[in-house]
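The structure comes first, followed by notes grouped by topic.

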Amino acid sequence: MLGILVTSHGKFAEGIIDSGTMIAGAQSNVEVVSLTASGIEEFVVQLNDKLQQMSEQYSEVLILCDLKGGTPYNESFRYILTHEAAEQMKLVAGLNLPMYLETVLASGSMAVAELAKFAVECGQANIEVLDF
């Protein structure tokens, strides 16, 4: 089974999961780690612990994060590199609700590399301007 970690600055990740639960129900393969005012050092410890736990629980892990180049992204990327987990873990930035929903609903039918590409496609496909 594939696990999904949602990570962000502040409570954004919790909000996405809460909204997703309201729409599609609770997802047993989804975890969250957020960077809060408690600081980067605590976040890094929590993130590393969660990724280690998930790598033991799941054969593959997809990390969805809010912002490319931000601390959640950078520290997730660092974990993947230092644990040589590039085959088992993929990292996607630019989290939005459609991306989250489509990804969790498809997570039982795709390998992590395919699911990561699918997540990007879903996220991009749901961004538009309503032009009159």
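Tyr73 and Phe77 sit 4 residues apart in helix 3 (residues 71-82), which means that about one helical turn separates them. The model is a predicted one.

**Aromatic pair**

- The structure contains 1 aromatic pair.
- The ring centres of Tyr73 and Phe77 are 6.3 Å apart and the ring planes meet at 25 degrees; the angle is under the 30 degrees used as the limit, so the pair counts as stacked.
- Tyr73 is buried, at a relative accessible area of 16%, whereas Phe77 is partly exposed, at 41%.
- Tyr73 is also among the members of a core of 18 residues.

**Cysteines**

- The number of disulfides in the structure is 0.
- The closest cysteine sulfur to that of Cys65 belongs to Cys122 and lies 16 Å away, which is too far for a bond; a disulfide would need the two sulfur atoms within 2.5 Å.
- Cys122 is likewise in no disulfide, its nearest cysteine sulfur being that of Cys65.
- Both cysteines are buried: Cys65 has a relative accessibility of 0%, and Cys122 has a relative accessible area of 9%.

**Nonpolar cores**

- The largest nonpolar core has 21 residues, and the members that touch the most others are Ile4, Val6, Leu62, Leu64 and Tyr100.
- Two or more residues of this core come from each of strand 1 (2-9), helix 1 (12-24), strand 3 (60-65), helix 4 (97-106) and helix 5 (112-125).
- Helix 4 supplies the largest share, with 5 residues.
- A separate core holds 18 residues, including Val33, Val44 and Ile63.
- Leu62, one of the members of the largest core with the most neighbours in it, has contacts beyond four places in sequence with Leu2, Gly3, Ile4, Leu5, Lys90, Val92, Thr103, Val112, Leu115 and Ala116.

**Helix 1**

- Helix 1 consists of 13 residues, and its first and last C-alpha atoms are 18 Å apart, close to the 18 Å expected at 1.5 Å a residue.
- Its buried residues include Ala13, Ile16, Ile17 and Gly20.
- Viewed down the axis of helix 1, the buried residues fall within an arc of 95 degrees, so they line one face of the helix.
- Asp18 and Met22 are exposed on the other side of helix 1.
- The cover over the buried residues of helix 1 includes strand 1, strand 2 (30-35) and helix 4.

**Lys50 in helix 2**

- Lys50 is part of helix 2 (residues 40-57).
- Is Lys50 buried or exposed? Its relative accessibility is 16%, so Lys50 counts as buried, the limit for buried being under 20%.
- Leaving out residues up to four places away in sequence, Lys50 touches Leu5, Glu31, Val32 and Val33.

Note on methods
Residues numbered from 1 in each chain as written. Predicted model: local features only at pLDDT ≥ 70, side-chain atom pairs only at ≥ 80, totals over all residues. Heavy atoms only, no water. Core = buried A, V, L, I, M, F, W, Y, C linked by side-chain atoms within 4.5 Å. Buried < 20%, exposed > 50% of the residue type's maximum accessible area, 1.4 Å probe, protein only. Contact = heavy atoms within 4.5 Å. Phe/Tyr/Trp six-rings, centres within 6.5 Å; stacked < 30°, edge-to-face > 60°. Expected span 1.5 Å × (residues − 1). Arc of directions from axis to C-beta.
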